[in-house]
Amino acid sequence: MEIIDLHCDVLLKLQYGKGNIRFSNDARLDANKDRLKEGKVKIQAFAIFIDPKVKQEKKWDAALQQIELFHKEVLGKNSEMKLLKSWKDFSSLKEHDIGAFLTLEGVDPIGNDLAKLEQLHKNGVLSVGLTWNHANLAADGAGEPRGAGLTMFGKEIVNYNNRNRIFTDVSHLSDKAFWDVFETADYLIASHSNSRQLCNHQRNLTDSQASALFRKDGMLHIVFHPPFLCYSEKADIQDIIRHIDYFCSLGGVKNLGFGSDFDGISTHVAELENASKYQNLINELLKYFSEEEVRGFASRNFFEHLPR
Ligand SMILES: [Zn+2]
């Protein structure tokens, strides 16, 4: 069954690798091309994420470098990998193609300059998360003790996203910022988050957040990071199924998807250690859900929620 995965950190690893990591088959990449192919991943989102330790004045260049790596290493050296630059491209893929698109995890690289966001959008960024776990000029993140919401600049970004049919990603936001974005954004997604009721971590969504997201027909993509599944370094596929089942009980059956966070996580779910193992999850899900429901989680729900 074909998969759409909404979050990986391959670009960050390629950047750290300084030219020594090959996207096609390097075993250091959870989501290298061969593994995506083996796991039947049809579309993979590639996050632009800049380490918060990078100096502010270097962040824009670091983001541009990740885009360059995306073009040279991911797309340029692998003929199966096809660039998806707009939502209409999502229906253009042929049988053996693997679609690839850019997302932004944290707007720090643009500083206070919306023109830079426009430049990123022109480069094909289709989903924007305002911040990672810290506070920035747009919003407070889940790890920021202050817990403030959206700034005026953050609101301008969400309005820009609305005008340009870009998803606004609520994964990583503080609770206050979640609700501010929820009020403002037309195209809502949590690209990699789980249930806080089942695993009490600030990166996960509360019942009221998840229910509200489903009522507004936003998407929620399950993340495969063990500490966000069961508060431990060890997790198995049953833990993922618990979160999916729970979100279904809140009305999310048509709004769930996957956002593995491969290459951004250091521990892995047993039998789902990298993208090549994706069908293990599908086979297990088919024991509990109908084929149509599983196809929804795997790719169709996302397809039905493209901001067109
Ligand atoms: Zn993340």
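A residue counts as buried when its relative accessible area is under 20%. Keep that cut-off in mind while looking around this structure, which is a predicted model.

Histidine 172 has a relative accessible area of 6%, so it is buried.

Glutamate 105 sits in strand β4 (residues 98-105), while histidine 172 is in the loop between β6 (167-169) and α6 (175-184).

**Two helices side by side**

Next, pick out helix α3 (residues 56-75) and helix α4 (residues 114-122). Their axes come within 12 Å and cross at roughly 5 degrees. Angles under 35 degrees count as roughly parallel, so α3 is roughly parallel to α4. On the α3 side, the contact is made by Trp60, Leu64 and Ile67, and on the α4 side by Lys116, Gln119 and Leu120. Sorted by class, that contact has four nonpolar residues, one polar and one charged.

Helix α3 also holds histidine 71. Is histidine 71 buried or partly exposed? With 31% relative accessibility, it counts as partly exposed. Leaving aside residues up to four places away in sequence, histidine 71 touches Gly76 and Leu83. Leucine 83 is twelve residues from histidine 71 in sequence, and their C-alpha atoms are 8.6 Å apart.

**Aromatic rings**

There are 20 aromatic pairs in the model. Here are two of them.

| Ring pair | Centre to centre | Angle between planes | Kind |
|---|---|---|---|
| Phenylalanine 46 and phenylalanine 70 | 5.5 Å | 50 degrees | tilted |
| Phenylalanine 262 and tyrosine 278 | 6.3 Å | 85 degrees | edge-to-face |

Phenylalanine 262 is in the loop between β9 (256-258) and α10 (278-285), and tyrosine 278 is in helix α10, 16 residues apart. Phenylalanine 262 counts as buried at 0% relative accessibility, and tyrosine 278 has that 0% value and is buried too.

Ring pairs also build a cluster, which links Trp87, Phe90, Phe101, Phe167 and Phe302.

How many of the eight residues of α10 are buried? Six of them are, so α10 is largely enclosed by the rest of the structure. The buried ones are Tyr278, Gln279, Leu281, Ile282, Glu284 and Leu285. They pack against β1 (3-5), β2, α9 (237-249), β9 and α11 (291-303).

Helix α1 (residues 10-17) is mostly covered, with six of its eight residues buried. Those are Val10, Leu11, Leu12, Leu14, Gln15 and Gly17. Among the elements covering them are β2, α3 and β4.

**Some positive phi angles**

Most residues other than glycine have a negative phi. Here are some with a positive value. Lysine 18, which follows α1, has a positive phi near 50 degrees. Aspartate 217 is not a glycine, yet its phi is positive at about 60 degrees. You'll find aspartate 217 in the loop between α7 (207-215) and β8 (219-222), where it is partly exposed with a relative accessible area of 46%. Glutamate 271 has a positive phi near 70 degrees. Glutamate 271 lies in the loop between β9 and α10, and with a relative accessible area of 48% it is partly exposed.

Key. Residues are numbered from 1 along each chain as its sequence is written. This is a predicted model: local features need pLDDT of at least 70, side-chain atom pairs count only at pLDDT 80 or more; totals for chains, interfaces and linings use all residues. Side-chain values use heavy atoms; hydrogens and water are left out. Axes are lines fitted to C-alpha atoms, for helices over the stretch in contact, and angles run from 0 to 180 degrees between N-to-C directions. Helices (H or I, at least four residues) and strands (E, at least two) are DSSP runs, numbered from the N terminus. Angles under 35 degrees count as roughly parallel, over 145 as roughly antiparallel, 65 to 115 as roughly perpendicular and the rest as oblique. Contact means heavy atoms within 4.5 Å. Ala, Val, Leu, Ile, Met, Phe, Trp, Tyr, Cys and Pro count as nonpolar, Asp, Glu, Lys and Arg as charged, and the others, Gly among them, as polar. Buried means under 20% relative accessible area, exposed over 50%, partly exposed in between (1.4 Å probe, protein chains only). Rings of Phe, Tyr and Trp (its six-membered ring) pair if their centres lie within 6.5 Å; planes under 30 degrees apart count as stacked, over 60 as edge-to-face and the rest as tilted.
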